[in-house]
Amino acid sequence: MSEAIAYYPGCSGLGTSKEYDASTRAVCRTLGLDLVDIPDWSCCGSTPAHTKDHVLSAALSARNLQLVSGMGIASAATPCPSCLTNLRTANHRMEAPAMAEKVNKLLDAPYAGGVEAISVLQALVEKVGLDEIKAAVRTPLTGLKVACYYGCIMNRPPELMAFDDCENPMAMDNVLSAMGATVVPFPLKVECCGASYGIPRQDIVARLTGKLLDVAKSVGADMVAVACPLCQMNLDLRQGQVNRALGTNFRIPVPYFTQLMGVALNVADEELGFGQLCIDPRPVLNKALSGADAQAKGA
Amino acid sequence: MPVLTGKELRIVGFLCNWCSYGGADTAGVGRFGQPTDLRIIRVPCSGRIDPLFIAKTLINGADGVLVSGCHPRDCHYAEGNFYARRRLEVLKRFLPILGIDPGRFDYTWVSASEGQRWQKVVTVFTEQIHALGPAPRFDAVSADMLAKAAAGALGQGGNRVAA
Amino acid sequence: MRIGVFICHCGSNIEGTVDTATVAKASLDFPEVVYATDTMYACSEPGQDGIIQAIKDKNLTGVVVASCTPRMHEPTFRRAVERAGLNRYMFEMANIREHVSWIGKDREANTNKSVDLVRIAIEKLRRDAPLSPSKFSINKRVMVIGGGVAGIQAALDCADGGLQVVLVERESSIGGKMAKLDKTFPTVDCSSCILGPKMVDVAQHENITLHAYSEVDAIGGYVGNFQVQVKKKATYVDWTLCTGCGACMEKCPSKKNPDRFNEKIGPCTSINIPFPQAIPKKAVIDPTTCRQFVKGKCGVCAKVCPTGAIKYDMADEIVTEDVGAIVAATGYDLFDISKVTEYGGGRYPDVITGLQYERLLSASGPTGGHIKRPSDGKEPKNVVFIQCVGSRDKSLDRPYCSGFCCMYTAKQAILTKDHIPDSQSYVFYMDIRSPGKMYDEFTRRAMEEYGARYIRGRVAMVYPKDGKMIVRGADTLAGTQVEVEADLVVLAAGAEAAVGAPKLAEKLRISYDKYGFFMESHPKLKPVETNTAGVYLAGSCQGPKDIPQSVGQGSAAAAKVLALFSKDMLESDPQISRVDIKRCVGCGKCIITCPFKAIKEVEFRGQKKAEVIETVCQGCGLCTSTCPQGAIQLSHFTDNQILAEVNALCQS
């Protein structure tokens with residue numbers, strides 16, 4: 001039904017965020033969005049590459065874009081905002097001929113540009129569309145109150161990412177609303193979670209993530225939906241650390257938005273990988289859904 | 001005095017008094033540096049410009065001609081630049097028939113407040129003319145070349161002629 | 001012709017990068033040039049005297065001055081040659097400052113280019129003919145567009161000077177932004193108490209005709225004789241009958257409409273008089289919310305109106321006003337704070353604009369002068385003011401300073417303390433800009449006497465939490481992050497050109513900048529004139545201004561109009577089109593083309609010919625480039641002159 005899109009899962013997709021990868025594939029398949037794996041893809045360079053060397057960083061990402069170009073596909077989607085930043089930055093850097101020349105020297109085959117890198121969220125909104133997504137809902141998430149947390153780099157810098165409002169993005173809000181969930185206004189949707197400070201400075205992550213969880217709770221969210229593997233890790237895996245450091249007792253599930261979509265689209269439970277999360281969202285989810293159910297019956 | 005050989009090309013500008021001439025003044029007051037090639041002829045309105053002025057300027061040996069007026073809808077004389085736009089657009093398409101590279105002529109809109117825009121317009125246009133190099137002298141063009149150029153222009157619309 | 005050429009040094013402005021002596025020397029080789037010299041300041045008194053002396057000594061019949069832009073000093077030098085006995089149009093200028101010396105540093109190229117520009121001026125001058133202006137009568141009425149404080153001042157000064165004034169106001173009452181203010185800085189004087197009497201004067205002045213709730217639809221004509229079509233928008237109330245008693249407002253069942261006068265933080269009725277001191281104090285029905293219009297039935301106001309003024313079938317009406325001069329005083333509008341998404345304006349009710357806060361402070365506002373925050377009506381204790389929201393911000397394409405926000409924020413901080421003694425104000429600022437009499441002292445008072453805490457730094461975001469607004473920003477002096485738990489956040493929204501300003505500028509045929517502010521004729525020396533004769537500017541339509549500046553400009557514009565009207569006849573510019581009757585074939589193309597209807601058809605020995613109406617022709621030359629015969633020529637911009645300039649450039 002729609003054009004094929006190359007799929008770049010990123011290293012996290014094979015490791016810490018397998019459930020994001022699996023649920024993304026399952027949701028896209030259900031919605032008829034044809035994701036094609038990129039054979040022999042490699043790391044995007046992540047944060048270490050560009051802190052060391054811009055040419056190397058661009059080359060690592062450009063190699064993947066070049067592979068997509070070889071497949072005859074015009075766009076590549078990735079679930080990971082960090083990969084997305086690197087892929088889009090590589091495209092941007094290589095617009096300068098001098099940079100392109102240096103980068104191409106490092107590549108097996110030169111990359112001539114022309115492959116657009118987008119997020120899975122953007123692909124769903126732009127290639128499938130909210131109306132079609134809404135039409136595909138089988139189990140509406142009625143009664144579920146969810147805060148959408150985009151993370152700090154999903155839409156930033158705006159000139160580079162060129163999608164959604166960088167201070168108040170609405171794409172995930174709209175998608176989960178289409179799923180029937182009640183999206184609560186979450187003012188910190190683009191605030192930093194502490195990112196990779198989880199290893200050297202846990203106190204910073206505890207403070208930043210603690211604030212996110214605190215505000216999410218104060219606006220009445222049952223759970224926080226995320227779109228970034230690193231955010232997910234900080235909010236979910238480190239929630240215990242936050243509680244210990246701040247003396248709080250949060251227990252807020254932090255699923256990927258694709259997992260929640262999977263529930264609404266009746267994707268088989270084993271493809272959604274809820275079991276991989278530290279705080280299993282399913283009890284809260286079932287409670288919210290059955291509550292709404294009971295209310296519907298009562299009325 | 002001729003233009004400085006090897007340094008400058010002969011570029012003539014026709015500017016309306018109210019917007020673009022003022023814009024060039026604003027650029028000067030703001031010290032927005034520009035290439036020195038352009039010589040400006042002041043006219044009251046871009047609508048005063050007869051397309052034949054431009055053809056004649058190019059045939060007489062100018063390497064480039066730039067016309068600039070008020071932005072459409074913002075003409076000091078209400079509608080002069082609409083006339084200019086129509087005439088100049090037709091001229092641009094007609095130049096190849098004369099054997100003149102249409103890249104040697106351009107028209108644009110610059111308001112009296114847009115000094116920086118004027119700097120950019122002049123710089124880009126001057127670079128464009130330098131990229132094309134000096135215009136071929138008409139006495140050096142053979143009748144054969146002119147015929148070919150005309151045929152090419154008529155046959156392929158906007159095909160540029162490398163005479 | 002005996003031509004004299006004068007090359008101006010302009011101090012070092014030209015001489016710094018142009019060898020003027022060489023230019024003068026080169027000029028002597030050009031045809032008919034009998035005298036050439038360089039001069040220190042051609043426009044100075046000795047400079048002008050030098051020109052006059054040379055004209056007399058050398059019997060010059062034409063003069064070229066190479067100096068600055070003719071848009072600056074052409075009139076100066078025309079007068080100088082006239083004083084020496086020449087016709088003032090036997091003069092041309094070469095612009096070797098703005099177009100040469102100020103835009104390039106290459107002395108050789110600049111000198112060479114200057115010679116070229118002098119040469120084309122000479123070629124043009126050789127084909128100039130003496131011209132003399134004709135006189136035409138003027139209509140000594142003036143239109144002022146915009147009834148804010150600038151427009152009010154301009155209207156009153158013109159009217160006091162004995163002129164008939166037509167004042168056009170878009171809203172149903174004059175008063176503009178100032179009428180919405182509670183107090184004014186730096187005296188903390190009551191805004192409506194000082195503006196009110198002026199508004200009443202407008203209403204009562206026998207020389208002022210007020211068209212409120214009206215907009216300028218179209219403008220034709222030229223200085224001395226403009227025809228302006230004014231659209232009087234349908235109010236659905238016959239204002240000749242309406243007494244402003246307000247009975248309709250009391251009974252109107254549609255009461256929950258956003259009140260535009262109160263900046264939409266309070267409700268109003270569908271039939272409404274915006275505020276108690278409104279001039280004219282007349283009711284207007286908003287058909288987008290009125291039940292009679294929306295649902296087709298109601299009619300309550302018609303029933304209660306004691307004078308039977310309600311007219312549901314009223315339509316817009318166009319009236320034509322003939323005036324000789326126009327003052328544009330259309331003011332400003334506010335930057336849309338919802339564009340700064342990180343501050344949440346438009347999303348969070350307790351994030352408001354400074355002007356909305358004025359309405360909360362004002363006794364005639366929706367809260368009766370008690371500060372109550374919009375979300376829950378509670379009195380705020382911590383109020384955070386954020387400066388420069390939509391000012392000095394390139395990322396929002398608003399790089400300019402709005403000028404008055406620093407001052408009104410200081411005023412609002414003071415008033416906050418006055419209203420709520422146990423409150424605390426915080427002001428996040430970039431720089432404090434208070435250049436005005438008693439201005440800086442005033443901001444000091446806000447800090448020192450009233451305890452407002454000024455924090456130098458930008459706010460990163462504002463978000464609600466547990467009924468508070470969390471304001472997070474940087475304190476760049478302390479080098480730390482700051483978080484303030486605020487009850488109310490007031491954004492100093494920047495000033496923008498008024499909605500529709502570019503469209504009005506196009507009707508007035510004046511220039512505007514990329515932000516929509518109108519262009520003055522000269523940024524330093526002609527701040528209220530425009531490049532269109534007879535059109536003047538006052539107030540913030542030209543750029544953000546505070547009240548005293550706006551009032552000053554209103555008076556200045558009025559002075560310009562009074563000076564213009566001090567003569568009974570105006571001289572027309574004789575650089576107009578003329579028809580060579582022998583060449584004219586009477587095709588009539590010029591008549592159709594002329595935007596000013598300045599060409600008419602006449603019969604000459606049984607043949608149709610075109611004839612230019614001298615005082616109507618504006619000298620654009622559209623007809624000249626349209627005429628297939630070359631029969632109609634614009635004086636001083638003839639085909640021969642322009643082609644001579646071309647030849648001078650190309651064949652040397």
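**Exercise 1. The interface of chains B and C**

How much area do chain B and chain C bury between them, and what percentage of it is on carbon and sulfur atoms? Describe the side of chain B that touches chain C.

Solution. The structure is a predicted model.

Step 1. Chain B and chain C bury about 4,800 Å² between them, and carbon and sulfur atoms account for 55% of it.

Step 2. In terms of residues, 54 of chain B are in contact with 57 of chain C.

Step 3. Look for charged pairs next. The interface of chain B and chain C holds 7 salt bridges. One of them joins B:Arg73 to C:Glu506, with the closest N and O atoms 2.9 Å apart.

Step 4. Then count polar contacts: 23 residue pairs are found across the interface of chain B and chain C, both residues being at pLDDT 80 or more.

Step 5. Ask which elements of chain B take part. At least two residues each come from strand 1, helix 1, strand 2 (38-43), helix 2 (51-59) and helix 3. Helix 1 of chain B gives the largest share of the side that touches chain C, 7 residues.

Step 6. Sort that side of chain B by class: 27 residues are nonpolar, 13 polar and 14 charged.

**Exercise 2. The interface of chains C and A**

How many residues of chain C are in contact with chain A, and which residues of chain C lose the most area to chain A?

Solution. 

Step 1. The contact involves 11 residues of chain C and 10 residues of chain A.

Step 2. About 940 Å² is buried between chain C and chain A, and 52% of this comes from carbon and sulfur atoms. On the chain C side, the residues that lose the most area to chain A are C:Thr341, C:Tyr463 and C:Lys465, which together make up 42% of what that side buries.

Step 3. Now the charged pairs: 3 salt bridges cross the interface of chain C and chain A. Among them is the pair of A:Asp214 and C:Lys465, whose closest N and O atoms are 2.9 Å apart.

Step 4. Polar contacts between chain C and chain A number 5 residue pairs, both residues at pLDDT 80 or more. Strand 24 (residues 459-465) of chain C gives the most to the side that touches chain A, with 4 residues. By class, that side of chain C has 4 nonpolar, 1 polar and 6 charged residues.

Step 5. Chain A and chain B do not touch, their nearest C-alpha atoms being 19 Å apart.

**Exercise 3. Cysteines**

How many disulfides does a search of the whole structure find? Where in chain B are B:Cys19 and B:Cys70?

Solution. 

Step 1. The search finds 2 disulfides over all chains.

Step 2. In chain B, the sulfur atoms of B:Cys19 and B:Cys70 are 2.3 Å apart and form a disulfide. The link of B:Cys19 and B:Cys70 is right-handed, with 95° about the S-S bond. It joins distant parts of the chain, 51 residues apart: B:Cys19 is in the loop between strand 1 (11-16) and helix 1 (20-29), and B:Cys70 is in the loop between strand 3 (64-69) and helix 3 (80-94). Both B:Cys19 and B:Cys70 are buried.

Step 3. In chain C, C:Cys190 and C:Cys193 form a disulfide with sulfur atoms 2.2 Å apart. With 75° about the S-S bond, the link of C:Cys190 and C:Cys193 is right-handed. C:Cys193 has a relative accessible area of 48% and is partly exposed.

Step 4. The cysteine sulfur nearest to that of C:Cys8 belongs to C:Cys10, 5.1 Å away, and C:Cys8 is in no disulfide. The cut-off for a disulfide is a sulfur pair within 2.5 Å. C:Cys8 has 3% relative accessibility and counts as buried.

How values were computed:
Residues numbered from 1 in each chain as written. Chains lettered and ligands numbered in written order. Predicted model: local features only at pLDDT ≥ 70, side-chain atom pairs only at ≥ 80, totals over all residues. Heavy atoms only, no water. Buried < 20%, exposed > 50% of the residue type's maximum accessible area, 1.4 Å probe, protein only. Contact = heavy atoms within 4.5 Å. Buried area = accessible area lost by both parts, 1.4 Å probe. Salt bridge = Lys/Arg side-chain N within 4 Å of Asp/Glu carboxyl O. Polar contact = N/O pair within 3.5 Å; in protein donor to acceptor, adjacent residues only side chain to side chain. Nonpolar A, V, L, I, M, F, W, Y, C, P; charged D, E, K, R; others polar.
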